[in-house]
Structures are given as structure tokens and as C-alpha cells.
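Subject: Structure for your review

Hello,

Here is the structure you will be working with. My notes on it follow below.

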Amino acid sequence: MKLFFHKITHWEYWPFQIVYIPIYFLWSYYSIKAKSIFFFNASNPTIKNGGFMMESKKEIYNLIPQHYYPKTELIKEGTALEEILNTIQVSKIKYPLIAKPDIGLRGSGVKKINTVQDLKEYAEKANFDYVVQDLIPFDNEVGIFYVRYPHEKVGRITGIVSKEFLIITGNGFSTVEELIKENPRYELQLKVLKQEYGRKLLDILPKGEKLNLVPYGNHARGAKFIDGSHWITPKLTETINEMCLQIPGFYFGRLDVMYRTIEELEQGIHFSVVELNGAASEPTHIYDPKHSLLFAWKELARHITYMYEISVANHKNGAPYLLHKDGMKEYRMHLEQSNRIVNF
């Protein structure tokens, strides 16, 4: 009951279908104006479906200059372990590494792989294509929302979210599970953590020792999102814009970035792109617990307006909208893929 009331009284945990109710009306309005439900397809012309659904992470990585993201390889569903190990060896990807679905869903199916045995278990269970990549060595993560109209040479950062990982600190006598239960945000992840860690949750952490239970900043996996938009400066905008201009056909979306210090990120050093998300991106700074639902609606409406205007501009320049028949086919495939990953 405690967790139930925590979820009810904190809108950040509400199902997105409920949070987005007012936004559906705005989407309908823009669909009528564009004469296409799938106008988003033109927002990022080089990314499949603009990055709204069924987009391949590996294909998006291929658009980004290599030095901006970790070594990454695509593994097809059913690939033999020996072949996977050979791919990792040739690519010089080292353990621990990250494995995640090539077509993802809100952090589902993302796992830190520490050993060959972990990789074997992941490969045997995965009923989807996935990527393996180097674990980024930086401790901090932000999501940076970037918007640029097709006629512009300089884009803008419209929001930044800072991410606090699901980290517990030992006291010398409580088990890992007991420490998790001290924080409702963490306890909501207990079912998934039990599947992942098993009896390790009964271990007692030494006093002062920290344990990062989910080493990636995903809200659905327990990370706390904090609005970091006050970090937007002309220098940071210049750095991010310089990178984004090197990504063909990218105008709208969120870059999830790991970094060492915000000052170094601003200077364009010691950072790495975790992922680039396109038309389906949320301005995730809205999930800061200090923000109201009204604030979230305003930010969602602002960003969908950006996406619509960019899509229309690209469409006038020759980028097609997705045909209704093709769009519905892609949507059905998206639902099927989502069910696979959620049940992983």
C-alpha cells in the first residue's frame, strides 16, 4: 500500500497513456494540418521513421562520428556464442560491457555483462537483435534535448535532464535488499532487481561502500531525473551544435550523454554519447519531482510543436511523410517488438 500511494501521489510514475491525454489532442490537430498521422517521419529524414518507432540503434550510431560514442557491434538474434565472442575480440570491446536491444523500449532489455557466462545467458534468452558496446567510463549522465530547423546552421538546447543512478550505500549491517527498501523509488524496482541479482540481494554491504544497481540512467529502471536546464550556456550549445551538425539529417531529439564533469562537457572533452533518440524523445527534465503535471504538459506541447514545424519544413524540402498503410504496419511491428523486450 505504501508503494501504491507513492505512485498515485507522484505523477512521474503514472502510465504515459494518462499523462499524455491532453497531448493526444494536440497531436490530432497537427495531424490534420499535416494531413498525415505520421508526420513525424520527416523530422529526422535519415533515421527510420524519424526515430519514433522501429528505428535501429546501430543504424543511428552509424550516423554519428565514431569518436563520439563507444565501440558498438550489432548481434543478430540467434547468433552463436563463438561468433559473438569473435566479434567482441575483433572490435576490442572489453568486459564489463553493455548489451541492449537494437530496437529498444524505455531501457527494457538493457543489461551490464560482466562475464562470458553473462553474455551466454543474454544471447540464449534474447529473441531480438541487440548491440554490445563498451561500458562508458564516466560517472555522470545527462539527457540533452536538441532542436534545429532545417534552414538554420545553429540549433538550440531546449532542456537538460541530469540523472541520479540507483546507488545504495552500505551501513555494515543491512542487506542490499533492506537498503533498497529504504527508498520508495528503489523499492519499486525490487522485483526486477531480484530477477537480476538473486541471492546477492542478501549480501551485507560494508559501511560506506556504494553499489550502483543499475549503471545507466533510465527512469523506468529507478534513476531519479533532475532538471539541469540551468546548465545551458552559449559554450555548451556551441559544443553540442558542433557535434549535431556532423550527424546527417538530425534536427530533433535527445542525446543521452555520459561525462566526467559538466565543465569538461561544456568544453567538448571527456564525454561519450550513450544514445541518440529521435522523434519519440521526451524532454525528460519534466520528470524532476519538483515539476508539476502542468509544467510537463507545457513542455511536451512545446516540443511536439518543434517536431511538427521541423517535419513540415523537411517535407517541403522533399522528405516524405509515412503513408498511412505503411505507418500502421510499422506500428504493429513496434507493438510486437515491444512485447518481446518487455517480456525479456
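His-270 sits in the loop that runs between helix H11 (262-267) and strand E11 (271-277). The model is a predicted one. The phi angle of His-270 is near 55 degrees, a positive value in a residue other than glycine. Most residues other than glycine have a negative phi. His-270 counts as partly exposed because its relative accessible area is 35%, which falls between the limits of 20% for buried and 50% for exposed.

Phi of Lys-92 is positive, near 65 degrees, and Lys-92 is not a glycine. With a relative accessibility of 58%, Lys-92 is classed as exposed. Further along, Tyr-95 and Pro-96 are joined by a cis peptide bond, with omega about -5 degrees. Most peptide bonds are trans.

How many residues does the largest nonpolar core have? It has 35, and those with the most contacts inside it are Trp-11, Phe-39, Phe-40, Val-147, Phe-252 and Met-307. Helix H3 (21-34), strand E5 (140-147) and helix H12 (293-316) each supply at least two residues of this core. H12 gives the most, nine residues. There is also a second, separate core of 25 residues, which includes Ile-60, Tyr-68, Ile-144 and Leu-265.

Met-307 gives a view of the largest core from one of its residues with the most contacts. Apart from neighbours within four places in sequence, Met-307 is in contact with Trp-27, Phe-39, Phe-40, Ser-43, Phe-252 and Ala-279.

H12 itself has 24 residues. From its first C-alpha to its last, H12 reaches 35 Å, close to the 34 Å expected at 1.5 Å a residue. Gly-318 follows H12 and has a positive phi, near 110 degrees.

Then there is the second largest pocket, with about 370 Å³ of space. Its lining is made up of 14 residues, and Asn-114, Glu-196, Tyr-197, Lys-200 and Leu-211 lie nearest the centre of the pocket. By type, the lining divides into six nonpolar, two polar and six charged residues. Which elements each supply at least two residues of that lining? They are strand E3 (111-113), helix H9 (190-197) and strand E8 (210-214). The largest share, three residues, comes from E8.

H9 also contains Leu-193. Is Leu-193 buried or exposed? Leu-193 is buried, because its relative accessible area is 0% and the limit for buried is under 20%. Beyond its neighbours within four places in sequence, the contacts of Leu-193 are Ile-180, Tyr-186, Gly-198, Leu-201, Leu-213 and Val-214.

Regards

Notes: Residues numbered from 1 in each chain as written. Predicted model: local features only at pLDDT ≥ 70, side-chain atom pairs only at ≥ 80, totals over all residues. Heavy atoms only, no water. 1 Å grid on protein atoms, 1.4 Å probe; cavity = no way out; pocket = protein on both sides within 12 Å on 5 of 7 lines; lining within 4 Å. Points joined across faces, edges and corners; volume = space filled by probe spheres on them. Helix = DSSP H or I, 4+ residues; strand = E, 2+ residues; numbered from the N terminus. Nonpolar A, V, L, I, M, F, W, Y, C, P; charged D, E, K, R; others polar. Buried < 20%, exposed > 50% of the residue type's maximum accessible area, 1.4 Å probe, protein only. Core = buried A, V, L, I, M, F, W, Y, C linked by side-chain atoms within 4.5 Å. Contact = heavy atoms within 4.5 Å. Expected span 1.5 Å × (residues − 1).
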